[in-house]
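Visitor: Hello! Could you walk me through this structure, one piece at a time?

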Amino acid sequence: MNEIIRLIGKKELAKAIAGMESFVYSHPQYHFSEQIADIRKDYELMADYWRKGFKDPQREEVYERLLHRLLLLVVDVMAKERNDQSSLLKNMYARVNNGKNDWSIDGIRQRLEGYVSDMAMIQLDPEHVRKSKDEQLQELHTQMREDLFDYVLTSGSWNDRQVDAFADLLTSPTIDSTDQQLILSALTLSVMNVFDVSKFKVLAKVYQSSADEYVRQRALVGWGLCLVTQSETMGLFPQVREVVDEMGKNQQCREELTELQLQLIYCMDAESDTRKIHEEIMPELLKNNTFRLTRNGIEEVEDDPMEDILDPESSERRMKTLEENMQKMIDMQRSGADIYFGGFAQMKRHSFFLKTCNWLMPFTPHHPAVSKIWNGVQGKRFLHKMMQTGSFCESDKYSFVLAFDKVVGMLPQKLLDMLENGEATMVGGQVEAEERRSPAYIRRIYLQDIYRFFKLYSYRSLFQNPFEEDYGNKRLKLIFANQLLHGTDFEKCMCEVAAFLIKRRQYEDAKSVLNNCSDRDQDFQYFLLCGTVLLHGESSDSMAEKETIDYFSTAVRLKPDSERALAGYARAVFNTKDYQKSLDAYDRLLLMHEGHKSYQLNKVICLSNLQRYEEALKILYQMDYERPDDQHIQRVMAWTLLGSGKLQQAGKIYEKLLGTDKPVADDVLNDGLRLWLSGDIMAAEERFSQVAELRNEPFDVDREFDQETIDLLRWNGISEVEIQLMKEELAHYSQG
């Protein structure tokens, strides 16, 4: 199938048809022979007219239509093949397509609208009748909802009529929002697995026209994730670019897709955030809590009566530590961290999560799995409050309620009273109603549901995972790296995304976004970001160095007073060993920020490399006077003294630097050079051997004796022969 898609992309229609015929005829169980025969017939008719020399002004259009028809057939075959290759999807498809269900649009609408009207009618019944009817209705509708999810998930390509009908269905105010949200999740998983331009259009239409923010944001997330997982296939459909262009013209869409991209990147930190919580925060919280878990339940820890006498301030210290660690978690959450992932990851083994749809089901207390717990007696106030105000994603809400049912009977009465009185809460605090309704919050919560699905669901390998790295180049899969966004209004957002990635030191990921931008003659930020990415990038050849300088030079030309642009330029030309230009740039930076330590040290290094040692030392003596304990200054001073031939003074500084518990390998190397220049070859060799030990790798002669080092040695009278002899002497350490 991938080979056929490649041929369609190259517009080699005859080869693609032949490939499809071969596949279809060798897989008769798929029943697609009639469709491929029709495509072959129309192709031969068009080709026959061409062979006979007939002029057909619509020939190119016919050729494109045949390519499109073949591509749609490929989508259907891939969907069918994917379903058949998995027992889970195969059973889903067989169960919901057994002829007992009416999956026409009218049939689906009738049942969904019928549920809403039945719910309204039940409210008119007496309470004792209402409860029984409600339970029965919820059981039936939950089953229908699960079937509909499975139907959409395993469906093949849709036609234009279905696009309009489903878009209308998913934006209708007469259908329950929970149902609409769940259908959108099924639609998302379906199109992420096998790209269907019609379903992609539905997601766009729903986002553009729904009045329900929860529905809109699910549609946008689905649309964005398709751009992540189907970046190659979707480019074959001309209609996709039309949809992307239209979405990009909407400023709100651009802003929200940018926010979504940043939130997706934060999602990737969930496991590292969990480690931080488990290793740094939770031990302190557990150490200072007032309850302990025993085999008989949770018991309150009695205060030690002697503690007040021996250490009267211990209770206050414990409370302060507890508050500080809780605040750390709250701050992590506010910055976008998923603080509950680690805890709730252990609570997804309940049978509730055996069903695919339940991972993405919006929380509703009417769901048969939780309704009895929700309406229980013990801890009900606390439970309701936590679900209404806590910062949980939907699947964690189900986990919480299901787990609460198991735990509540083990709680001591005092803790139960605290729950009922509202004195107990979860770390992370409550979320105000206004924030819970915000698009950013709705997206973040939904992304956490999706993240749990792709990290914890037993059958997650059946689905295209948007959170996996691109194995080809170890980069994140990014929405804004999709080439379909190139040349659209979404380019206005790319610098913001790249800047965010650069701030996180994900330079190659930022580069993939910037590479998707058009050339921008007067965009200062674009040139600054491109220069920064190259400056920290993996490539260091002369072409990359020249390109880096060009980007920063342009940025400086556009904004001569920009400190970041000038600092980048100074570093870029320094890397090419053009120390005079780098020195001039650092002089300009010091005019902006007199006494700036980093700029002063870089200026000194430039002066040293230009062998203007006395000027460099004059600056260093002043800096050392102002910061006598700064090792960075001492390190640069020692190197400068070394270059100027003041070996004894340099030796005193190196003696101090190497006197620490963990000496720096570069200091040991430079002290070896000092000993060599002093004529103590054996001691120098000993130092070089220590460098190999500190780096825990063989001594790399070419790396350690770089051009600056060789120039220093030559400047101080070490001959080429002596340098070669030392390299040969160090060959033993070079072999490890």
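Visitor: How many of the 18 residues of α23 are buried?

Guide: Helices are DSSP runs (H or I, at least four residues), numbered from the N terminus. Buried means under 20% relative accessible area with a 1.4 Å probe, protein chains only. Helix α23 is largely enclosed by the rest of the structure, because its buried residues number 14 of 18.

Visitor: What should I know about the model itself?

Guide: This is a predicted model, where local features need pLDDT of at least 70, side-chain atom pairs count only at pLDDT 80 or more, and totals for chains, interfaces and linings use all residues. Residues are numbered from 1 along each chain as its sequence is written, and side-chain values use heavy atoms, leaving out hydrogens and water.

Visitor: How far does α23 reach from its first C-alpha to its last?

Guide: Helix α23 covers residues 439-456. The expected span is 1.5 Å times one less than the number of residues. For α23 that expectation is 26 Å, and the helix comes close to it, reaching 26 Å.

Visitor: How many disulfides does the structure hold?

Guide: A disulfide is a pair of cysteine sulfur atoms within 2.5 Å. The sulfur of Cys 495 has its closest cysteine sulfur in Cys 517, 5.2 Å away, so the two are too far apart for a bond. From the sulfur of Cys 530, the closest cysteine sulfur is also in Cys 517, and 7.1 Å is too far for a bond. The number of disulfides is zero.

Visitor: Is Cys 495 buried or exposed?

Guide: Exposed would mean over 50% relative accessible area, with partly exposed in between. Cys 495 has a relative accessible area of 2%, so Cys 495 is buried.

Terms used
Helix = DSSP H or I, 4+ residues; strand = E, 2+ residues; numbered from the N terminus.
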